[in-house]
Amino acid sequence: MKSIEKMGFEEATPIQAQTIPLALEGSDIIGQAQTGTGKTAAFGIPLMEKIDIKADHVQGIVIAPTRELAIQVSEELFKLGYGKRARVLAVYGGQDIDRQIRALKKKPHIIVGTPGRLIDHINRKNIRLGEVSTVVLDEADEMLNMGFIEDIESILSNVPEERQTLLFSATMPDPIRKIAEKFMRDPKLVKVKAKEMTVSSIEQYYLELREGEKFDTLARLLDIQTPELAIVFGRTKRRVDELSSALNIRGYMAEGIHGDLSQAKRLSVLKKFKEGSIDVLVATDVAARGLDISGVTHVYNFDIPQDPESYVHRIGRTGRAGKKGMAVTFVTPRERGQLNAVENTTKKRMIKMKAPTLSEALEGQQKAVTDKIISTVEQEDLSLYTSTADELLQKYSASDLVASVLKLLTKEPDSTPVKLTEEAPMPMRRDRNRSSSSSNRQRNGRSTSPQGRKDYGNKRSRSTGQRRERTSK
Ligand SMILES: Nc1ncnc2c1ncn2[C@@H]1O[C@H](COP(=O)(O)OP(=O)(O)OP(=O)(O)O)[C@@H](O)[C@H]1O
Ligand SMILES: [Mg+2]
């Protein structure tokens, strides 16, 4: 309770209220609740409560699909276990394995990891799971999706059957839930009732346009909507690279994140984004799940996501913990079907938005500058500037002077040409069952294959056909 208070939580969110008591009784749980509603603490609190601080073995493991999420979850668990002095360690690919081995020697009570790196440590006998009593799969549907399932099975085969298994996600398609139940004992399904799968505090818009119109439209939207922090999702790594350079050329502070970057780079980009030294993060789906970054006010789906679940998670990076957010999805004429599929799943209609014009973009930027000027007039000490201002006012009209200040400060819509390679529209994923047939894996070399293996940058061994993070330093 001391730790929870320190974190500033005053009351339990619905998913926490419904799952914590059940989890404390020892039940297996599949917990489904909207994005940003506190699922981490919903599993984190009971997990921490069960830890015997005096025992020196690993008692709980949490598996997460991406490295950044594993780190974030370990940080939240660390905070929850602070009063108890619980030891929590994150292990993930792309980080020096020897460093992790040294950390493992300090006997963590809880390990949070990505599947591939966990398996590496298990195989090298750096991690023993023989006394683990709780296993959590965060983003469970993703973890049990094709591509991760073998890894998860392999990890679970090292954990005693007498364990508690907790699965959490904002989405849980039926076929995946069925797979999940095989790993669990009499699981209780806790689904926080909501009319829609997405959070109501996120305004959802879509915009119909041609591929070639997307970039200028994005730039104008950024000018008009002036997000505090924005995430722009693109379909492929190349797309993300090209988009972030194009945004920089047009004067936006943007950087990209995707699985081909070094882990150090991925972390530094994310850090800059959290600190606000860049305000647009361009990302593949590697950033779609679980990341909790305060200040993200806008999500732009530059390319429509390949499946409805991805949409739910992507837009869920905004509108978290009761805050407001806005999501805008670009739809090319051939992608109407995907738009419908998304709406059918989320049970929510997106509002159609018109492409903004150049003059609206200019207006948006002027308004942002005007707001700044007004707050400066009202709140700042201007004494060092008034004499120069008075001199200027003797020579020029007040209106001309203010207009030139506005012009100087306003970022005028820029139409410097930029290069973006056309991306073919994403074919709809037909096989919603996602059975384990391998024929479709990694088809056409895209970072997001139509079958659902996503670009998480986890280099996986080709020879075995398994998708596993490679041990790399
Ligand atoms: N009881 C609470 N009171 C206030 N804030 C909370 C509470 N529980 C969690 N939070 C905060 O809400 C935010 C979202 O929580 P969290 O990341 O666990 O959401 P989530 O449900 O896992 O979302 P996602 O589906 O995107 O992974 C975090 O910043 C977290 O610290
Ligand atoms: Mg989460």
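**View 1. The shell around ligand 1, sorted by residue class.** Six nonpolar, nine polar and three charged residues make up the shell around ligand 1 in this predicted model. That's 18 residues around the ligand, and the ones coming nearest are Thr 35, Gly 38, Lys 39, Thr 40 and Ala 321.

**View 2. Where the shell around ligand 1 comes from.** Zoom out to the domains and both take part: domain 1 (2–192) and domain 2 (198–386 + 396–423 + 445–473) each supply at least three residues to the shell around ligand 1.

**View 3. Helix H13 packing with helix H14.** Here we've got helix H13 (residues 308–315) and helix H14 (residues 336–346), packed at an angle of about 70 degrees with their axes 8 Å apart. Angles of 65 to 115 degrees count as roughly perpendicular, so H13 is roughly perpendicular to H14. On the H13 side, Pro 308, Tyr 311 and Val 312 make the contact, while H14 brings Ala 341, Val 342, Thr 345 and Thr 346. Sort the contact of H13 with H14 by class and you get five nonpolar residues, two polar ones and no charged ones.

View 4. The label comes from UniProt, where an unreviewed entry carries the annotation "domain: Helicase C-terminal" for residues 201–363.

How values were computed
Residues numbered from 1 in each chain as written. Chains lettered and ligands numbered in written order. Predicted model: local features only at pLDDT ≥ 70, side-chain atom pairs only at ≥ 80, totals over all residues. Near = placed C-beta within 6 Å. Nonpolar A, V, L, I, M, F, W, Y, C, P; charged D, E, K, R; others polar. Domains from an automatic or database assignment. Axes fitted to C-alpha atoms, helices over the stretch in contact; angles between N-to-C directions. Helix = DSSP H or I, 4+ residues; strand = E, 2+ residues; numbered from the N terminus. Parallel < 35°, antiparallel > 145°, perpendicular 65-115°, else oblique. Contact = placed C-beta atoms within 7 Å. UniProt positions renumbered as here; feature names shortened; annotations may be inferred.
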